Amino acid sequence: MEFKARTGNERKRSWAAVAAAVVVTVAAAWAIPTVTESIASPHSTAAHDRNTTADGGHNGQDGAQGSGSAGGAQPGAGAVPEGIAHASEAGGNAVNITIDDGPDPVWTPKVLDVLKQYGVKATFCMIGPQAKAHPELVKQVVAGGHRLCDHTVDHDTTMDKKPVAYQEKEILDAKKMIEEAAGGAAQVQYYRAPGGSFTPDSRRIAAANGMRPLGWNVDSKDFTKPGTAAIVDTVKKEVGNGPTLLFHDGGGDRQQTVEALGQVLSWLKAQGRPTGFPVRTTS
């Protein structure tokens with residue numbers, strides 16, 4: 001009787017062990033898709049792009065922009081990545097000059113004159129209606145060998161809090177205005193969110209339409225009109241942050257910007273630092 005009781009107990013334990021193994025196996029099978037979906041999700045870790053530098057820092061008024069590898073699936077060869085660009089196509093110690101908020105009939109020609117004086121090519125981030133109002137300036141920018149960037153229709157710095165449909169319209173309507181103003185002479189190659197208000201969706205929309213999201217590393221603070229010397233000093237102090245510099249040719253009186261840009265370009269030349277365009281199809 002003792003033997004039978006013990007044998008019965010062992011059988012019960014054996015069946016319990018088998019049942020437990022089945023439960024673990026089924027639970028694991030159900031868990032695998034969840035883990036896989038989490039890894040594959042292109043936007044699962046890109047919830048907050050705004051006001052961060054490539055190393056996760058925080059910068060000035062328009063906010064230096066997020067990591068170039070943030071969000072988005074890996075692109076195929078020749079595709080435009082969704083990650084925010086900072087690096088220069090020229091590589092090495094080259095810097096990228098970017099000019100925002102124009103074109104402006106007073107200040108854009110003056111900025112173009114300074115760039116021509118130093119043999120520098122820049123990227124002009126244009127507001128759609130401004131481009132539409134001044135197509136001759138867009139054509140002048142293109143004729144000078146510079147590149148075009150979409151800076152939206154309304155320069156809405158709260159775009160990251162708006163519906164995706166709103167973001168898409170702001171981006172694509174501006175692109176159309178800028179390219180029509182260029183008269184078919186050039187395509188818009190970049191997208192810069194106003195105030196750094198990038199979202200995973202806005203970056204996806206831009207990249208899908210051939211525009212690389214474009215950040216910056218150095219905000220010259222010229223928008224606040226702190227004085228020519230202060231603008232130059234800011235650039236000199238912060239150029240170690242990375243290669244992409246931000247200036248403005250629109251949004252008000254840009255005389256200080258024009259003067260500071262000339263001094264900055266002269267200083268960069270003396271430092272042996274060439275200029276280039278931001279990367280488009282590489283990280």
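Predicted model: local features only at pLDDT ≥ 70, side-chain atom pairs only at ≥ 80, totals over all residues.
D233 pairs with K237: their side chains meet in a salt bridge, with 3.1 Å from N to O. Both residues belong to helix α7, where they are four residues apart, or about one turn of the helix. K237 has a relative accessible area of 64% and so counts as exposed.

Side chains of opposite charge can pair when their charged atoms come close. In this model the count of salt bridges is ten.

E89 and R147 form a salt bridge in which the closest N and O atoms are 3.1 Å apart. E89 sits in the loop between α1 (2-40) and β1, while R147 is in strand β3, so the bridge ties together parts that are 58 residues apart in sequence. The relative accessibility of E89 is 41%, which means that E89 is partly exposed. R147 has a relative accessible area of 16% and so is buried.

The other pair returns to helix α7. A salt bridge joins the side chains of E238 and K221, at 3.7 Å from N to O. E238 is in helix α7 (residues 228-238), K221 is in the loop between β6 (218-219) and α7, and the two are 17 residues apart, so that the pair is described as linking distant parts of the chain. E238, at 19% relative accessibility, counts as buried. For K221 the value is 24%, which makes K221 partly exposed.

Most residues other than glycine have a negative phi, and most peptide bonds are trans. The peptide bond from G102 to P103 is cis, with omega near 0 degrees. P103 lies in the loop that runs between β1 (95-102) and α2 (107-117).

Where do the residues with positive phi lie? T152, with phi near 75 degrees, is a residue other than glycine with a positive value, and T152 is in the loop between β3 (147-150) and α5 (164-181). H155 also has a positive phi, near 50 degrees, and is not a glycine; H155 is in the loop between β3 and α5. As for cover, T152 has 0% relative accessibility and so is buried. H155 has a relative accessible area of 22%, so H155 is partly exposed.

D156 is likewise placed in the loop between β3 and α5. With a relative accessible area of 13%, D156 is buried. The side chain of D156 makes a polar contact of 2.7 Å with the side chain of Y166. Which residues touch D156 once its neighbours within four places in sequence are left aside? They are K162, Y166, P194 and S197.

The nonpolar interior comes next. In soluble globular proteins, nonpolar side chains tend to be buried together. The largest nonpolar core of this chain has 44 residues, and the members that touch the most others are I97, L115, F124, L148, L245 and F247. Helix α8 (residues 255-270) contributes the most to this core, with seven residues. Apart from this core lies another, of five residues, including C125, C149, L214 and F277.

Leaving aside neighbours within four places in sequence, the contacts of I97 include L115, L245 and F247. Also among them are V120, A122 and T123, together with L261, L265 and L268. T275 and G276 are in contact with I97 as well.

The values for the whole chain complete the picture. The secondary structure comes to eight helices and eight strands. Of the 283 residues, 47% are buried. Among contacts between residues at least 6 apart in sequence, 75% join residues at least 24 apart. The chain exposes about 13400 Å², and carbon and sulfur atoms supply 57% of that area.

Technical notes: Residues numbered from 1 in each chain as written. Heavy atoms only, no water. Buried < 20%, exposed > 50% of the residue type's maximum accessible area, 1.4 Å probe, protein only. Salt bridge = Lys/Arg side-chain N within 4 Å of Asp/Glu carboxyl O. Polar contact = N/O pair within 3.5 Å; in protein donor to acceptor, adjacent residues only side chain to side chain. Contact = heavy atoms within 4.5 Å. Areas by Shrake-Rupley, 256 points an atom, 1.4 Å probe, with all protein chains shown as cover. Core = buried A, V, L, I, M, F, W, Y, C linked by side-chain atoms within 4.5 Å.
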